[in-house]
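Below are some comments for a colleague who is about to read through this model. They are set out as numbered points, and each can be checked against the coordinates.

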Amino acid sequence: MGSSELLIVLDRDRGTPLQQQVCDQVTALVRSGQLRPGDAMPPSRELARQLDVSRTVVIRAYELLRAHGILTARRGSGTKVAGLAGGAAPPRAARTTPPVLAPQPPRATDGGDALWQPWEPAPTHHPRTALDFRHGTPALADFPVARWRQSLHEAYGRADAAALGYGPAEGSPALRREIASLVRQSRALDPSPDHIMVTGGATQALDILTRMLVRQGDVVVIEDPSHTVLRQVFGCSEAAVVPVPVDEEGLRVADIDACVRAQGHDPARVKLVYVTPSHQFPTGFIMSGSRRRALLEWAYAHGATVLEDDYHNEFTFSAERLPALAAERHRDTVVYVGSFSKTLFPALRIGYAVLPPDLVRPFLGIKWITDRLTPMIAQEALGSFISTGAYARHISRMTRLYRQRRSRLLEALYEHFGAEVRISGEAAGLHVLVTLIGARGVPEDRITRLAAARGVRIYPASGYFVQDPPAEPTFLMGYAALPVAQITEGVALLAAAVREATGRPAAP
């Protein structure tokens, strides 16, 4: 398979040389089975960029690892993990018999509570040339269309009658194997491909899990703030949806019981807890280790399932890179959901869920009866795109590009607003949450309209908060799709709009 980002975190304050730290951590990944014999290692230049070290550090680490028999290198085939002594492979998850499909008809739904109706910013007229800080949109202009077209062409060339017909509801076996390798190397999960279900984006996975786990009178806990799509997905179920506040350490687990009771419900009826621990939406906070452990203990004690949406985990810009929550010892309480919408392109509509064994059969039953299958040829093409290393190369290029655009956005915001701006979420993902402290008292929609009149689109964030919206105007600003020059221009125009909104004189 192609190389991907490795879960390596360097401690520059330790006395241990950096190349020795890389060597030790790669050895630990091999011994734990997260790297397996034959797995390709990232090229030294790519790993050096990922770790923000000189290439010499990585080259020396690879030399040490080859000397210890951990890695092998052959001309033309790159650096790979060597076979273990005695030819023994690390233990793999036991293969299970393919589950028997048990179709279950979808239940009637009703999202009658006005609290859970979709929220959108006020519509604004904008020309096609607008500088659009829309969040959730990757740099589609930089997607390697020719390489993807080649993968599709090859997939159609290999397609037989079975591939062109109704494939397995769980998805392409080849793609599920590649997803298993991706999450093993970059997120420290070790799932059997039999427990990975390919879905029509992450949203379908959320919908199926809600249908499967929630009954009338049950409770779903979500983060506050959170994405409005969640209010639609969970709000259309028969459950009560209870928002629980988020702070700098993530979901306030200790507040779950009190929040549920305050809404008139029994915490014992909580069946689902939705979290975005790697990059909370929209704040960008990363859930701390203590909160992660507390959440898993709470879920196990209450018989609840934790739904981990690993939002934007591929794009991390700080040394704080924790494994997935599902990589912890969770005793089958966590479902891990991922998607290729932000790493590749949204129209692909391919996501996946990593399920505990007892949820595989009911999940498949609902998926089979609702859509039969996610398009198989696209899955085969994606599996090839990953296995040939094209996916890893694309992620590496995009990480460099997004790092530059993120840096320019932060610099421009501080240049124009100085101490009167507060920014969160800059450690990962494709957007930041921007609070204009100096514009307190000015309605968000006024700033939005004034910015739109200058050709700049920004998006108010208050609608994502259920209980305590921000006291100051706060906006979600995506930067992935905007070149550096447009980011610079857009922030300058936004600053002019804020000056007009607050009645302050123009900057000299």
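**Notes on helix packing and burial**

1. In this predicted model, the axes of helix 14 (residues 444–453) and helix 15 (residues 484–502) come within 9 Å and cross at roughly 130°. Because angles over 145 degrees count as roughly antiparallel and 65 to 115 as roughly perpendicular, helix 14 and helix 15 are therefore oblique to each other. The crossing in which helix 14 passes helix 15 is right-handed.

2. Which residues make up the contact between helix 14 and helix 15? On the side of helix 14 they are R446, I447, L450 and A451, and these meet L494, A497, V498, E500 and A501 in helix 15. Sorted by class, this contact of helix 14 with helix 15 comprises seven nonpolar and two charged residues, with no polar ones.

3. The burial of helix 14 can be read alongside that contact. Its buried residues are E444, I447, T448, L450, A451 and A452, and what covers them includes helix 15 together with strand 13 (431–436), strand 14 (456–457), strand 15 (459–460) and strand 16 (474–478). After helix 14 comes G455, which has a positive phi, near 85°.

4. Helix 6 passes helix 12 in a left-handed crossing, whereas the crossing of helix 14 with helix 15 is right-handed.

5. Where helix 6 and helix 12 touch, A174, L175, E178 and L182 of helix 6 meet Q379, E380, L382, G383, I386 and S387 of helix 12. By class, the contact of helix 6 with helix 12 has five nonpolar, three polar and two charged residues.

6. Is helix 7 (residues 201–213) mostly buried or exposed? Of its 13 residues, 10 are buried, so helix 7 is largely enclosed by the rest of the structure. The buried positions in helix 7 are G201, A202, Q204, A205, L206, I208, L209, T210, M212 and L213. As for its length, at 1.5 Å a residue the 13 residues should span 18 Å, and the end C-alpha atoms of helix 7 are 19 Å apart, which agrees.

7. Helix 13 is followed by G418, where phi is positive, near 55°.

8. T228 lies in helix 8 (residues 228–235). With a relative accessible area of 4%, T228 is buried, as the cut-off for burial is under 20%. Although T228 and F465 are 237 residues apart in sequence, their C-alpha atoms are 9.3 Å apart in space.

9. Some figures for the whole chain give the setting for these local points. The protein chain contains 15 helices and 16 strands, and 54% of its 508 residues count as buried. Among contacts between residues at least 6 apart in sequence, 75% join residues at least 24 apart.

Key. Residues are numbered from 1 along each chain as its sequence is written. This is a predicted model: local features need pLDDT of at least 70, side-chain atom pairs count only at pLDDT 80 or more; totals for chains, interfaces and linings use all residues. Side-chain values use heavy atoms; hydrogens and water are left out. Axes are lines fitted to C-alpha atoms, for helices over the stretch in contact, and angles run from 0 to 180 degrees between N-to-C directions. Helices (H or I, at least four residues) and strands (E, at least two) are DSSP runs, numbered from the N terminus. Angles under 35 degrees count as roughly parallel, over 145 as roughly antiparallel, 65 to 115 as roughly perpendicular and the rest as oblique. A crossing is left-handed if the near helix is turned anticlockwise from the far one by less than a right angle, and right-handed if clockwise. Contact means heavy atoms within 4.5 Å. Ala, Val, Leu, Ile, Met, Phe, Trp, Tyr, Cys and Pro count as nonpolar, Asp, Glu, Lys and Arg as charged, and the others, Gly among them, as polar. The expected span of a helix is 1.5 Å times one less than its number of residues. Buried means under 20% relative accessible area, exposed over 50%, partly exposed in between (1.4 Å probe, protein chains only).
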